[in-house]
Amino acid sequence: MTTVAQVRQAVQPLLQCNPDLALVGRLVVLKPVQHFIRGIYIDRSLDPLLFVPTWSILSLFETRLDIGFLWGGRVYGVWDITGPDVNARMCEAIEQKALPSMRSIKTIDDFVKFTSKERFPDTHLDLYPASKIFVDVARGDLEAASAICAYMATDRAKGWYLPDMQDKYDRVTKELCPLIAANDRPGLARLLHGYEAQSVKNLKLEKLWEPTPFPIEQAG
């Protein structure tokens, strides 16, 4: 399987031509890192000679243990490390297929538009209320967030959560929802900043992270 050292060598053309990119392990990250991770993960394959690059955009203020791929896509091609000019070709494909979409996401509103049903019919944000609530809170839309809290309290919602998802369910119902009910905007902002800091630590992005206010704070 491909190694981190091989990834580092492969993406050098990309890093040299795009100063707003940084490499963290196998992850090429678009800077600045604020409320989102916008990255291309250069994964392994069962074939030890192949790179598998996949780009993704995720919020950091919903505590993350690793990068997921709900909202993004594969950079298709045969990226065999023994092939001629494979590094240059893969980096060119990433520049064409991934970077334009990644660079277009600058705000939380941009992220909401990006994760729409039109773009991702099977994985759009509205299908994941326990993720959407973090976005609603960050935007200051506590009415929408409150509706999700009401839904999360139903037996139907509880049935979706397997034992390994209990932490997420508890975070929403026991931490977010009481503050939403109390309209405690400063308290909600503090929670989101804490979640974001933990995600940054888990993903080893501390050197790239730029903490910034959420719209819920700016709305006052």
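Mentor: Phe134, Val137 and Ala138 in helix 6 meet Leu188, Leu192 and Tyr195 in helix 10. The structure under discussion is a predicted model.

Trainee: What makes the residues of the contact of helix 6 with helix 10 nonpolar, polar or charged?

Mentor: The names of the residues decide this. Ala, Val, Leu, Phe and Tyr all count as nonpolar. The contact of helix 6 with helix 10 therefore divides into 6 nonpolar residues, no polar and no charged.

Trainee: How do you know whether helix 6 and helix 9 are roughly parallel or oblique to each other?

Mentor: The axes of helix 6 and helix 9 cross at roughly 30° and come within 10 Å. An angle under 35 degrees counts as roughly parallel, and helix 6 and helix 9 are therefore given that description. Their crossing is left-handed.

Trainee: Which residues of helix 6 and helix 9 make the contact?

Mentor: From helix 6 come Ala130, Ser131, Ile133, Phe134 and Val137. From helix 9 come Lys168, Arg171, Val172, Leu176, Cys177 and Ile180. The residues of this contact divide into 8 nonpolar, 1 polar and 2 charged. Lys and Arg count as charged, so Lys168 and Arg171 belong to the charged group.

Trainee: Why is Asp136 called buried?

Mentor: Asp136 is found in helix 6. Its relative accessible area is 2%, and buried means under 20%; Asp136 is therefore buried. Leaving aside its neighbours within four places in sequence, Asp136 is in contact with Asp141, Ala144, Ala145 and Ile148.

Trainee: How many salt bridges does a search of the whole structure find?

Mentor: The search finds 6 salt bridges. One of them joins Asp20 and Arg103.

Trainee: How do you know that Asp20 forms a salt bridge with Arg103?

Mentor: The closest N and O atoms of Asp20 and Arg103 are 2.9 Å apart. A salt bridge requires a side-chain nitrogen of Lys or Arg within 4 Å of a carboxyl oxygen of Asp or Glu, so the pair qualifies. Asp20 lies in the loop between helix 2 (12–17) and strand 1 (21–24), whereas Arg103 lies in helix 4 (residues 99–104), so the pair ties together parts that are 83 residues apart in sequence.

Trainee: What makes Asp20 partly exposed?

Mentor: Partly exposed residues fall between the 20% limit for buried and the 50% limit for exposed. Asp20 has a relative accessible area of 23% and is therefore partly exposed. The value for Arg103 is 29%, so Arg103 is partly exposed as well.

Trainee: Which residues are linked in a network of salt bridges?

Mentor: The network links Glu62, Arg64 and Lys168. The side chains of Glu62 and Arg64 meet at 3.6 Å, N to O, and both residues are buried. Lys168 forms a salt bridge with Glu62, their closest N and O atoms being 2.8 Å apart. This pair links distant parts of the chain, 106 residues apart: Lys168 is in helix 9 (residues 166–181), and Glu62 is in the loop between strand 4 (52–59) and strand 5 (72–74).

Trainee: Why is Lys204 called exposed?

Mentor: Exposed means over 50%; at 61%, Lys204 is therefore exposed. Asn183, at 48%, is partly exposed.

Trainee: How do you know whether the peptide bond from Lys31 to Pro32 is cis or trans?

Mentor: Its omega is near 0°, and the bond is cis. Pro32 is placed in the loop between strand 2 (27–30) and strand 3 (36–43).

How values were computed:
Residues numbered from 1 in each chain as written. Predicted model: local features only at pLDDT ≥ 70, side-chain atom pairs only at ≥ 80, totals over all residues. Heavy atoms only, no water. Contact = heavy atoms within 4.5 Å. Helix = DSSP H or I, 4+ residues; strand = E, 2+ residues; numbered from the N terminus. Buried < 20%, exposed > 50% of the residue type's maximum accessible area, 1.4 Å probe, protein only. Axes fitted to C-alpha atoms, helices over the stretch in contact; angles between N-to-C directions. Parallel < 35°, antiparallel > 145°, perpendicular 65-115°, else oblique. Left-handed = near helix turned anticlockwise from the far one by under 90°.
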